[in-house]
Amino acid sequence: KQKSSDVDEARAGVERVVRQNASKLASKEADKKNKQRSLELREQKYQKDREQLDAATIKAPNDGLVVYSTSLENSRWGGDEGPLQVGSKVYPNQTLIVLPDTSEMIAAVKVHESLAGRIRKGQPAAIKIDAMGEHRFTGEVESIGILAEQTSRWMDPTLREYTVKIAINVPPEMAASEGGGKAGSRGLRPSMRCEAEIVMGKVADAVTVPIQAVHSEGLLRYVNVADNSGTSFMRRPILIGQRSDRYAEIRAGVEPGERVLLRKPEASEIVGKAWNPQELAAVGLELNAAGDIVPVAGAMLNGSGDGPGGPGGAGRGGG
């Protein structure tokens with residue numbers, strides 16, 4: 001009986017341990033599931049944070065020079081806001097930085113409205129960069145502004161200028177390098193000040209005079225030619241061809257080697273006040289019955305060479 005009782009008691013103890021272990025196992029299984037669920041939530045949060053981090057990392061689509069948008073806005077509007085700082089608040093679709101490709105540079109110059117109509121796409125140009133010393137770059141006109149801009153409202157309210165963009169032929173060794181290396185120190189950079197000379201036409205083997213020597217009187221263009229003494233001058237009608245901002249082509253009226261006055265003459269320096277009919281006829285003009293200067297029928301007027309592709313011009317601007 002004692003042995004049977006011990007067996008029953010031991011059997012009861014085993015059953016009790018089995019029940020306890022089953023309860024502990026169920027508790028551990030539940031805890032395991034909770035831990036697995038917590039792990040899944042943490043992995044989801046980690047993945048979301050990783051995506052946010054990747055989204056906050058801006059990768060440049062190509063090589064270039066990093067320029068803060070605040071720098072562009074400050075130079076444009078004259079503001080004093082500094083560059084972007086860590087913690088600065090930004091907005092959707094806000095421009096933060098730009099990456100200009102310095103291997104392809106554009107010079108934007110202002111051209112007076114009187115010359116803008118003569119400029120055509122593809123015309124050659126020479127560009128001088130102030131920061132590059134005497135080095136000159138070649139280029140071609142890429143586009144001409146559609147609307148005139150009033151760039152100097154206070155100094156000259158009537159001034160109207162057009163923006164002409166010129167594609168600069170940049171040698172590879174002159175392009176700005178990343179990090180400001182040796183090549184970058186000698187390279188072109190955005191917003192450098194430049195001066196451009198656009199070639200609208202060329203004249204070979206022509207008689208020219210400085211533009212300041214040419215005077216106007218109605219339809220008549222004339223210069224003051226020195227006589228043999230060199231102290232007196234005679235007004236000589238001329239026929240002008242193409243003109244630049246420095247020289248005028250003389251198609252008739254002045255021979256090579258003759259001296260012309262570059263300033264406004266004094267009244268005592270002018271001799272022969274009356275116009276010579278033969279000299280007027282040589283430039284396509286004549287005196288009518290009333291004594292007025294009028295064109296000869298079928299004659300070519302002064303300035304006929306100033307059409308598209310005619311004179312050269314110059315402009316200043318930023319690249």
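## Confidence

Across this predicted model, the mean pLDDT of the protein is 81, and 83% of the residues reach a score of at least 70. Confidence is highest in α1, at 93, and lowest in helix α4 (residues 182-185), where the mean is 39.

Two stretches call for caution. Over residues 177-185 the pLDDT stays under 50, and the model has seven contacts beyond four places in sequence for them. The pLDDT is also below 50 over residues 304-319, a stretch that has 69 contacts in the model beyond near neighbours in sequence.

## Nonpolar cores

The largest nonpolar core comprises 22 residues, and I127, I129, V164, I166, L188 and I198 are those with the most contacts inside it. Two or more residues of this core come from each of β3 (105-112), β4 (124-129), β5 (136-144), β6 (161-168) and β7 (193-198), with β3 giving the most, four residues.

Leaving aside residues up to four places away in sequence, I127 touches A107, H135, R136, F137, T138, G139, I166, I168, C194, E195 and A196.

## A nonpolar surface patch

In soluble globular proteins, nonpolar side chains tend to be buried together. On the surface of this model, however, V66, Y68 and I97 form a nonpolar patch whose accessible area together is about 250 Å². V66 is placed in the loop between α1 (2-56) and β1 (67-68), and V66 counts as exposed because its relative accessible area is 51%, where the cut-off for exposed is over 50%.

Terms used: Residues numbered from 1 in each chain as written. Predicted model: local features only at pLDDT ≥ 70, side-chain atom pairs only at ≥ 80, totals over all residues. Heavy atoms only, no water. Patch = residues over 30% accessible without salt bridge, like charges linked within 9 Å, V, L, I, M, F, W, Y side chains within 5 Å. Areas by Shrake-Rupley, 256 points an atom, 1.4 Å probe, with all protein chains shown as cover. Salt bridge = Lys/Arg side-chain N within 4 Å of Asp/Glu carboxyl O. Buried < 20%, exposed > 50% of the residue type's maximum accessible area, 1.4 Å probe, protein only. Core = buried A, V, L, I, M, F, W, Y, C linked by side-chain atoms within 4.5 Å. Contact = heavy atoms within 4.5 Å. pLDDT = per-residue confidence, 0-100.
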